[in-house]
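Subject: Structure handover

Hello,

Here is the structure for you to take over. Please open it first, then read the notes below.

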Amino acid sequence: MIGLSIAIELHQGGAEVFVLDRGDSPATWAAAGMLAPQAENLGDSPLGQLGFYSRDLWPDWAKKLEKLSGLNIDYQACGIFLPGNQGRSAEGQWWNAQVLQSQIPGINVQAGVWFPQEGCVDNRLVFQALKRACEHLGIPVHRGVTIFGPGDPQLQTVNTSSGVIAADLFVLAQGSWSGEWLDIPVYPLKGQMLAIQAEIGQLKTVIFSESTYIVPRLDGRIVVGATQEWAGFAPGNSEPEISTLHRSAIDLLPWLAGYPVIETWWGFRPTTPDQSPMIGEGPWPHLCLATGHHRNGILLAPATAYLLSQQILTGKPEALLAPFSWKRFVKDGLCQGEGAKGLQ
Ligand SMILES: Cc1cc2nc3c(=O)[nH]c(=O)nc-3n(C[C@H](O)[C@H](O)[C@H](O)COP(=O)(O)OP(=O)(O)OC[C@H]3O[C@@H](n4cnc5c(N)ncnc54)[C@H](O)[C@@H]3O)c2cc1C
């Protein structure tokens, strides 16, 4: 999501771009696709400001991506409903029991807040569309290429499974694997998910409770997520976690019990110690970072791509990105910066 989005913006700004991708099952494929700075309670923090900015970019960005790719990405400005108050009433509309039953028939909740500006997108379709858009624009995406680390002390080259590759600038967007060869604190936070096949149009808004979230797709699938587990890169679903998620979803929306679970899966959120991304110049002269998007990488992709590309192409710092420098971690002794692991 992040790498391909940046590639497209840079290309459209006139740069010559190529993408190197190992092709692991990425977080982008696994996500729920909520566009939810309000529901995620990002607040008035720098992350919240970036999140709201990106949420506002989404409608046009979705149109642009659909046009470039010729594919539908199932962007829905469908709002997100939070049961109860959960302390987040600004921007939201209070739904009492009567309104709630007319909007979400059968929900097992008395009242709550609905955020009409939030929404969701089918992140798997976005992933397909990004790849197709790159194809149409003539941006080479070299799949199956692993980056091992810097090829020289200035990072004008990288060593890869396809040999040494040179560029004027590299943008590191390796998701949860971003700390593989560079000493930056990005760790995988595993999330397990499941999908239920219901009827088309049966659920028209996202439901985001404290125990689970429920996200509709246009084809009638309903995505339920997600666990948060520090499990390294341990693959696989586990029965207790999936059952708990399923039960929580049925508690909220009892009619879900009448429909089959058609898929379970997992993914790794790229997470930093303060749960905010690192976007901007990297610790080496020819390196930029765009990583650590944690629970919000689908939401933040348009802003990350647009602002970082602007910064790279114009050389002028973007104020919204200033709080997301990797340097904030150096003081905690978490990050050595220059200590790229591949260049001993
Ligand atoms: C269960 C779950 C639910 C989520 N729900 C939401 C949500 O509702 N809304 C939201 O906004 N966000 C959500 N997220 C978060 C979001 O998915 C991520 O923040 C986002 O997808 C990160 O994108 P990325 O491109 O940085 O990483 P990824 O999608 O993981 O991509 C990283 C890429 O780097 C490549 N790579 C890694 N190492 C190397 C290497 N050495 N050489 C070459 N290539 C390499 C990989 O192959 C991969 O293609 C969720 C995440 C999970 C796991």
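Two strands count as paired if DSSP finds at least two bridges between them. Strands β14 (residues 213–216) and β15 (residues 221–225) meet that with four bridges, and they run antiparallel. Ile-214 stands opposite Val-224 in β15. Please keep in mind that this is a predicted model.

**The sheet**

β14 and β15 belong to an open sheet of eight strands. The order is β4-β5-β3-β13-β14-β15-β12-β16, and the pairing is mixed. β4 (93–95) and β16 (261–271) are the edge strands, each pairing on one side only. From one strand to the next, the twist averages 25°.

β12 (187–197) sits between β15 and β16 in that order. Its link to β16 is antiparallel and has 10 bridges. There, Pro-188 has Pro-270 in β16 as its bridge partner. Towards β15, β12 pairs over five bridges, again in the antiparallel sense. Leu-194 has Val-224 in β15 as its bridge partner. Val-224 also stands opposite Ile-214.

How much of β12 is buried? Nine of its 11 residues are, so the strand is mostly covered, with buried meaning under 20% relative accessible area. Helix α6 (residues 239–252) lies across β12, at about 55° to it. The helix also lies across β3 (80–83), β13 (206–208), β14, β15 and β16.

The contact takes 28 residues from domain 1 and 27 residues from domain 2.

Between them, the domains bury about 2,400 Å², with 56% of it on carbon and sulfur atoms. Which three residues lead on the domain 1 side? Met-34, Gln-38 and Ser-176 supply 23% of the area that domain 1 buries against domain 2, more than any other three residues. Three salt bridges are counted between the domains.

**Salt bridges**

The structure holds 12 salt bridges. Here are some to look at.

Arg-143 pairs with Asp-21, with the closest N and O atoms 2.6 Å apart. Arg-143 lies in strand β7 (residues 141–143) and Asp-21 in strand β1 (residues 19–21), so the pair ties together parts 122 residues apart in sequence. Arg-143 is partly exposed at 44% relative accessible area. Asp-21 is partly exposed too, at 25%.

Arg-22 forms a salt bridge with Glu-180, and here the closest N and O atoms are 3.1 Å apart. This pair also links distant parts of the chain, 158 residues apart. Arg-22 is in the loop between β1 and α2 (27–30), and Glu-180 is in the loop between β11 (170–172) and β12. Arg-22 is partly exposed at 28% relative accessibility. Glu-180 is partly exposed at 38%.

Arg-221 pairs with Asp-122, the closest N and O atoms being 3.2 Å apart. Arg-221 also pairs with Asp-219, at 3.1 Å between the closest N and O atoms. Is Arg-221 buried or exposed? With a relative accessible area of 16%, Arg-221 is buried. Asp-219 is partly exposed, at 38%.

Best wishes

Notes:
Residues are numbered from 1 along each chain as its sequence is written. This is a predicted model: local features need pLDDT of at least 70, side-chain atom pairs count only at pLDDT 80 or more; totals for chains, interfaces and linings use all residues. Side-chain values use heavy atoms; hydrogens and water are left out. Helices (H or I, at least four residues) and strands (E, at least two) are DSSP runs, numbered from the N terminus. Axes are lines fitted to C-alpha atoms, for helices over the stretch in contact, and angles run from 0 to 180 degrees between N-to-C directions. Contact means heavy atoms within 4.5 Å. Buried means under 20% relative accessible area, exposed over 50%, partly exposed in between (1.4 Å probe, protein chains only). Buried area is the accessible area (1.4 Å probe) that two parts lose on being put together, summed over both. A salt bridge is a side-chain nitrogen of Lys or Arg within 4 Å of a carboxyl oxygen of Asp or Glu.
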